[in-house]
Amino acid sequence: MTQNDLLNLNYSSLEQAREEMTGLLKERNRDYSLPQPLYNDPHMFRLDMEEIFQKEWLFVGMSSEIPSKGDYFTVEVGQNPVLVVRGADGSINAFHNSCRHRGSRICSEHRGKVANLVCPYHQWTYDTKGNLLFAGTEMGDGFDKQQHGLKKAHCKVGGGFIYVCLAKEVPEGDFDEFLATLDEYMEPYDVENTKLAVESNMYEKANWKLVIENNRECYHCEGNHPELLNTLLEWDDTNDPRAPQSFLDYYARQAAEWDAEGIPHKHKSFGVRNRIVRMPLKEGTQVMTIDGEQGCNKLLGRIKNRHLGSMRILHLPNSWNHMQSDHFIVFRVLPISAQESLVTTKWFVHKDAVEGVDYNPERLRQVWDATNDQDRVLGEENQLGINSVAYEPGPYSKTYEFGVINFLDWYTDTALKNLG
Ligand code: 3BY
Ligand code: FES
Ligand code: FE
């Protein structure tokens, strides 16, 4: 436990914390920010991990990060190391990255390529389907390799987005419908023919919910995001109650162009957990670069129109994304502790685009590096103020912060359902 964790230890047992969390969630005012322990208490954090991150579908990465057999990446879901690997048959599978001998992590690198998965401790060797192939000669005659394959995590792919679920049983709901819609909406991008151009990993001293809350409103944009506002319109989606007629007219003109090219754009919601919507960027701009001009010479997939705005894909609890004409950007949030999170941002371009010729990674990342850092400071200051003895939940604006209200409705309902 970190010093902060000790300072904020309010409950004597996890069972007591479970009851407290249920009470806090049931009694909270839905239009107000959360009670303090839900933002800073280590027991509450542990319950967020058990009830949300170990039970719900999480975004982990894109299929084009692991294009060929044996390509893998790793991800830490709290204290659960997970391995996502492309099998010999081309399928993508997720395993717990924990050896069935004595539990060692098998892959310690962030990403790589393997023929087989070999545990560094005593060289137990698994194929990319998780079958144990080799356990030396030391295990005795009665040893059954078949009983010691890697443990699988649920893994599904839609439109190139890879999701994992660490629960025994996947949650009920409309997730498959969302994946099918992702397939349809991502078709123009041909994700399999994209590549990771650049990646950032940002450590933020704030509870994961503060990171998501911050992303779910643009109330803070005007005062904090000069680079982003060169291109981003602050309306959250095409149904935003604040959007003026001039925006709706512009959207209608853009939509007509997109329809002519067969580019999906209609707002799709799956509860408040998943949403897909294509939003125009500021008139005259193409993509989220510092000047709104192109980020890559090569357009993605079958795209012809550089003015595709940004298709925003939201997946609670841990991802938002911006799909544009010549590159797309995916965002992933992973909790580390009650007051620490990891925000990973990845920029993708056409797989044939040549670095330094067709695109410059520094230019691609410039706007969102600045924006992420601005958001990090906002999140960290939010956390520090919330830790005050004087903090009490405050009211959200129903017009500017409806996205935050939606997120916390989802969080509250999901945590209560999973707490049982
Ligand atoms: O563009 C985003 O990803 C979100 C939406 C509004 C605030 N934030 C920058
Ligand atoms: Fe993996 Fe021993 S812990 S081989
Ligand atoms: Fe922001």
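Which residues are buried in helix 4? In this predicted model, the buried positions of helix 4 are Pro42, His43, Met44, Phe45, Leu47, Asp48, Glu51, Ile52 and Phe53. Helix 4 spans residues 42-53 and is mostly covered. Nine of its twelve residues are buried.

Confidence was considered next. The protein chain has a mean pLDDT of 95. Of its residues, 97% reach 70 or more. Where pLDDT is low, predicted coordinates should not be read in detail.

An open sheet is built from seven strands, in the order 1-10-9-4-3-2-5. Pairing within this sheet is antiparallel. Its edges are strand 1 (58-62) and strand 5 (111-113), each of which pairs on one side only. On average, neighbouring strands of the sheet are turned by 30 degrees against each other, direction ignored. In general, strands of a sheet pair through backbone hydrogen bonds, either parallel or antiparallel.

One pairing illustrates the arrangement. Strand 3 (residues 80-86) and strand 4 (residues 92-96) run antiparallel and are joined by five bridges. Leu83 stands opposite Phe95 of strand 4. Elsewhere, helix 5 (residues 175-186) lies across strand 9 (152-158) and strand 10 (161-165). Helix 5 runs at about 40 degrees to strand 9.

The largest nonpolar core comprises 93 residues. Within this core, the residues with the most contacts are Val60, Leu83, Val84, Tyr163 and Val164. Strand 16 (residues 328-337) supplies the largest share of the core, six residues. Leaving out residues up to four places away in sequence, Tyr163 touches Trp57, Leu58, Phe59, Val60 and Lys156. In soluble globular proteins, nonpolar side chains tend to be buried together.

His307 lies in the loop between strand 13 (274-279) and strand 14 (310-315). Is His307 buried or partly exposed? His307 is partly exposed, because 16 other C-beta atoms lie within 10 Å, whereas a buried residue needs 20 or more. Beyond its neighbours within four places in sequence, His307 is in contact with Gln254 and Gln286. The C-alpha atoms of His307 and Gln324 are separated by 8.2 Å. These two residues are 17 residues apart along the chain.

Definitions and conventions: Residues are numbered from 1 along each chain as its sequence is written. Chains are lettered from A and ligands numbered from 1 in the order in which they are written. This is a predicted model: local features need pLDDT of at least 70, side-chain atom pairs count only at pLDDT 80 or more; totals for chains, interfaces and linings use all residues. Helices (H or I, at least four residues) and strands (E, at least two) are DSSP runs, numbered from the N terminus. Two residues are in contact if their C-beta atoms, placed from the backbone, lie within 7 Å. Two strands pair if DSSP finds at least two bridges between them. Axes are lines fitted to C-alpha atoms, for helices over the stretch in contact, and angles run from 0 to 180 degrees between N-to-C directions. pLDDT is the predictor's confidence in each residue, from 0 to 100. A nonpolar core is a set of buried Ala, Val, Leu, Ile, Met, Phe, Trp, Tyr and Cys residues joined through C-beta atoms within 7 Å.
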